[in-house]
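Here is a short briefing on one protein model. Look at the sequence and the fold first, then read the points below.

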Amino acid sequence: MSLQSVVACRSVKDFLDPVWHLIEKTYTESFPEVERRDFPLVRNLVKDESRFIVYALSREDRYVGFITAWLFDGYTYVEHFAIDPEFRNGGIGAEAMKQFQLFCATPVVLEVEMPVDGISRRRIGFYERLGFKLDNHVYHQPPYRAGGEWLEMRLMMYGDVDLEHSFEQVKNCLHENVYGVKSI
């Protein structure tokens, strides 16, 4: 693989950057409404919350996807990660996450759906091949919208995050800072 084919990761803060339109399109097409914010709220977080960052992913100067992440003390929480449908199933997702792991240089935590079907098991397998470990604590993702239901999920971690001892602390941090609710 040449250096030019490596996936690049850059933070995007300028709302006049044309990549915002591409990120919004990928975001809304890749996640069902119950698993995401309305996009104007994403922009508000970029503007008002210094720990929240949107990263554009590109390959050979061409947009291929995005990652939204929160920078917390001791780890980075990946809230959303998606490759544009045009570039899926070609190894770009794995390359992008590897580059992100190097770029952020901290342990990484993310949520995954319960391993109940082929798609969710493949997604977990994708992250496991990248060095993530599936945590078995019961974890519920708070709803993104008022009146929504809490979704049972699992956390995965990469690097030096010991969820065996810090699960409650990580869960409470995510619930309070990312979702704005108290843990259940």
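Predicted model: local features only at pLDDT ≥ 70, side-chain atom pairs only at ≥ 80, totals over all residues.

Residues are numbered from 1 along each chain as its sequence is written, and side-chain values use heavy atoms, with hydrogens and water left out.

**Helix α1**
- Helix α1 covers residues 19–30 and has 12 residues. Helices (H or I, at least four residues) and strands (E, at least two) are DSSP runs, numbered from the N terminus.
- From first C-alpha to last, α1 reaches 16 Å, close to the 16 Å expected at 1.5 Å a residue. The expected span is 1.5 Å times one less than the number of residues.
- Val-19, Trp-20, Ile-23, Thr-26 and Tyr-27 are buried in α1. Buried means under 20% relative accessible area, exposed over 50%, and partly exposed in between (1.4 Å probe, protein chains only).
- Seen down the axis of α1, the buried residues fall within an arc of 130°, so they line one face of the helix. The arc is that of the directions from the helix axis to the C-beta atoms.
- An α-helix has 3.6 residues a turn, so residues three or four places apart point the same way.
- The cover over the buried residues of α1 includes β1 (7–11), α2 (39–48), β2 (52–59), β3 (62–72) and β4 (75–83).

- Ile-83 sits in strand β4. Ile-83 is buried, with a relative accessible area of 8%.
- Leaving aside neighbours within four places in sequence, Ile-83 has contacts that include Thr-26, Leu-57, Val-64 and Ala-96. Contact means heavy atoms within 4.5 Å.
- Ile-83 and Val-64 are 19 residues apart along the chain, but their C-alpha atoms are separated by 5.8 Å.
- Gly-90 lies in the loop between β4 and α3. Gly-90 is exposed, with a relative accessible area of 58%.
- Gly-90 and Gly-118 are 28 residues apart in sequence and 19 Å apart in space, C-alpha to C-alpha.

**Helix α4**
- Ser-120 is found in helix α4. Ser-120 is buried, with a relative accessible area of 4%.
- Not counting residues up to four places away in sequence, Ser-120 touches Glu-113, Met-114 and Pro-115.
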